[in-house]
Amino acid sequence: MSSPRASSCYDSLSTSFASASLSSSSPTLPTLPITAMREKIVGKILENRVTLIVGDTGCGKSSQVPQFLVQENMGPILCTQPRRFAVVAVAKMVAMSRNCEVGEEVGYHIGHSKVYSARSMIVFKTAGVLLDEMREKGLNALNYKVIILDEVHERSVESDLVLVCVKQFLIKNNDLRIVLMSATADIARYKEYFRDLGRGERVEVLAIPNTDQHVIFQRHVLYLEKIVKLLGMESENLSSEYCSGSSPFTADAEIKPELHQLIHKLIIHIHKNEEDIEKGILVFLPTYYSLEQQWVLLKPFSHLFRVHILHRSIDIEQALMAMKICKSHRKVILATNIAESSVTIPKVGYVIDSCRSLQVFWDSNRKTDCAELAWVSKSQANQRQGRTGRTCDGYVYRLVTRAFYNQLADYEPPSILRLSLRQQILLLCCAESKAINDPKVLLRKALDPPDPDIVDDAMNLLVHIRALQKPSPRSRPEPTFYGRLLASFTLSFDASVLILKFGAIGMLRDGIILGVLLDMQPHPILRPFGQDSLFMEYIDNYFTVNAKTTGLTGRKEVICMGNLCAFLFWQCVFKDKYRLERLQELLKHGRANQTQTMLPKLEEEWCASHNLVLPALHQVAEMYDEIIASLHRYRPECLAESDGLPSYYSANTFEHTCHLMPDQCENAGALVMDDDLLEQDLGIMKCAAVPFLGQNEVLEYEVAKSFATVIKEMRAQSSQDTPGNQHVVHGEGLITGEVSLCKYFIQGLCNRGSQCFFSHSFEARRPVCKFFFSLQGCRNGDSCFFSHESVPSFPSALVSRSCLQEDRDADSASHSKLFHMSSDGCILVLDDIDSYFTSNLAYHYNPTSIIATTSHEDKSTHKNWPAGVRVLWGLSHPHQTIMPNSTESAIPWKDVKWLLWFPKFDSEHWEEQKSIVHDFFEYLAIRMLEDALYDFKVIVTMNNIRFSYFQVLLHFTFSYLINFPWLHIGGNGILWPTPLTIALFLYTL
């Protein structure tokens, strides 16, 4: 588990949270409507396997029910939330209530961030995390006494799949207790869904009644008719002007400039007429662009407002700053639906609801998941309404007419009915438990079963790309090695495919980083909110090649390339520099100097001066290591082939000397949070030595060109219904053997007549659409003039052999090639306790050239050592072998040409073993620096699964030496230098 990190705003959360801050043994709960129901809630959960709790927003469900259960010794408790922000915010709130640090009694798990321990009694997770755990561990993932599925009205694919999987496991485990909670869900449907669990079982429904608090804190809802009058405005047709129509069935959900102006005027009006400066304003808008538009309008009023942004691209710790109560300025929170449920933001007195949201769906024309603006449901609107009236009186301004609102759907359509389900079906096929590994059967049992044709289409695509296979025509598809490998990555389907396609062309390391960047937010390069041109300038400082020359056609691809370069820049210019300095200090003084102890602060300042977001860089590094570990568990051929430094890397690729100057951009990237942050920003120095990577055009060009080609192949592959005939694209998109249609002829503008190189026949093949073969796809679909049919030629196979399982058998001949010994070289065998390995080596090599170490000190009990072998007794490894306490080492390092280590690790004590491996590689690096061991080979044998756990230690120990001309790093994170070699012989169980 990763160690818990305290939030920057932890100590300044709401006073309403602080009132619950008492001892964990018997905390006094704040006065909430749910408090009076405590005994009844606990009793009903004990009596029934499924309990539904319905309560108004703000009644205390999310924070109090887990604590009720823990106080009755019903822990550990698992609680799911629909969004990462809600997971972290509620976990921090409950931890404060129980007077503990996050990661102790209360913890959370979002994405790749695990902040909990074996002692945690309440753990919050996203539905996606729980789904992954059920797929990998089956029923063991539900090793909790009670599982709480909160906000069940949020109908994401992950939430629906968690629901159906949990129901299957309920049938197998009678001791499992499930609690469903929501303020606005269709409870009757959920009650009906669980009726068939068992004979005589009942599904209990508990309604949390309103209390006097709701008499004290009122909510007033105003619609467009009253809002316009309130602002002294006039309009003949409100729905037409602000909603593009009179009905949500016919009106476009786009946000017009007039609506932005209306929101701005409403914010100013509220500020002028509300005397309590602590009462904040929460504005719900659907997209990042609409948040930017409103932020630009508010920017001239920075003396009045403190503006916070809640969006998935904003770092969670930064977003949590919105929880602070501001006493000097009016707090304005611009949010997407990330703030729609679970979270109580203190002192929100006003909610402005645009009544729009962004919905993701599968676009059959563009052959990709797309997003479009849509009208919210009444359920969503009620959730947004519930963000106020919790800690003070509240006003809700819905920017639609009352008649328009009454026509909104009661509930939003489930995502499971809108998406292609490719990834979900593959993951289910790879599940360990038979209860959930048949997607066709399982999806038919969902609360809203998807169309069987959609499921069949997704499965056919997976069969087509060789991720699934059918042993016989009537059998259900089963995952192939390639499919299991794809499913092992905790990334989206497209990102996983991209990684393996890069691996097939020998660029695995770059592919992993790009795959991670496709999925994550925020990116490593700082994105100044509301300043898009400045953001693209930051991208250009890292990625300097003209994208058009590489074939990249989309903005998203260019941004990913810039962030790839930024990540490599951080690793090689900052991280490697200080790793090398640390080893040199250890070599010289035996301890790290003061600079090393101040490294976190130095790293923050360095990242700020180079427009980088440090938490995002750490997240990329962590996800990179997880994917590498998955690759080592499966050992595809591409991993074994990625054993050298790519030709486009060079020793001086990352040479950089900082030239710091005061920041010339006013508040660049700063969301106006509070005075302390503003004072810190004033002292930021920016590096003016741009472009940062220097002479790296070859690296950028080669990676970008491969990126463009891989994307084209992926897009073409997903657009094919069957393998069919594949056309080959060359040059500017012409089809081999055919002449493309002249686009100027179609427009009546071609003046070349018969001299035109292109065809003037309407039966000619159209040129290739460059947008279709980008990450975004072509929005024109079948109406597009250009062709969506051609398939790029590189690489040609649907699944490269490099993405299949490694099939190299170990043999003595291949191993003996490592031992071309010269007459003056010797072999060092470390920690050979029972002389087994040394005895075998002595059969093939001169025993006098072998040196062996052992931790045993009693020579009389070990008499089987081969004659001639020099044995060094009583040396514990690695502390006394590689880095002895005495000034003189017993090992003649200058003569050692081969070092062999055969660690004997058991199946337990992983952390202790990890420490030994870490020390081995770190001490080895210091020894190499001290004795200048240039012609030196290291061979380590280790179980493959264990190596997948330990392997990152080697990468982080040696990557600093990339600038040494005699040392290189392999693309898979394994060191593979020349002439220095570290070979890791891996064996499977």
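The expected span of a helix is taken as 1.5 Å times one less than its number of residues. Helices are DSSP runs of H or I with at least four residues, numbered from the N terminus. The model is predicted: local features need pLDDT of at least 70, side-chain atom pairs count only at pLDDT 80 or more, and totals for chains, interfaces and linings use all residues. Residues are numbered from 1 along each chain as its sequence is written, and side-chain values use heavy atoms, without hydrogens and water.

Helix 4 (residues 84-97) holds 14 residues. From first to last C-alpha it reaches 20 Å, close to the 20 Å expected at 1.5 Å a residue. Just after helix 4, N99 adopts a positive phi of about 60°.

Nonpolar cores were defined as sets of buried Ala, Val, Leu, Ile, Met, Phe, Trp, Tyr and Cys residues joined through side-chain atoms within 4.5 Å. The largest comprises 129 residues. M134, M561, W570 and L631 have the most contacts inside it. Helix 24 (residues 555-589) gives the most to this core, with 14 residues. Another core, of 99 residues, lies apart from it and includes F85, I148, Y242 and C355.

N611 sits in the loop between helix 26 (599-609) and helix 27 (614-634). N611 counts as buried because its relative accessibility is 7%. Its side chain makes a polar contact (N or O atoms within 3.5 Å, one able to donate a hydrogen and the other to accept it; residues adjacent in sequence count only if both atoms are side-chain atoms) with the side chain of K686, at 2.7 Å.

Conventions. Helices (H or I, at least four residues) and strands (E, at least two) are DSSP runs, numbered from the N terminus. Buried means under 20% relative accessible area, exposed over 50%, partly exposed in between (1.4 Å probe, protein chains only).
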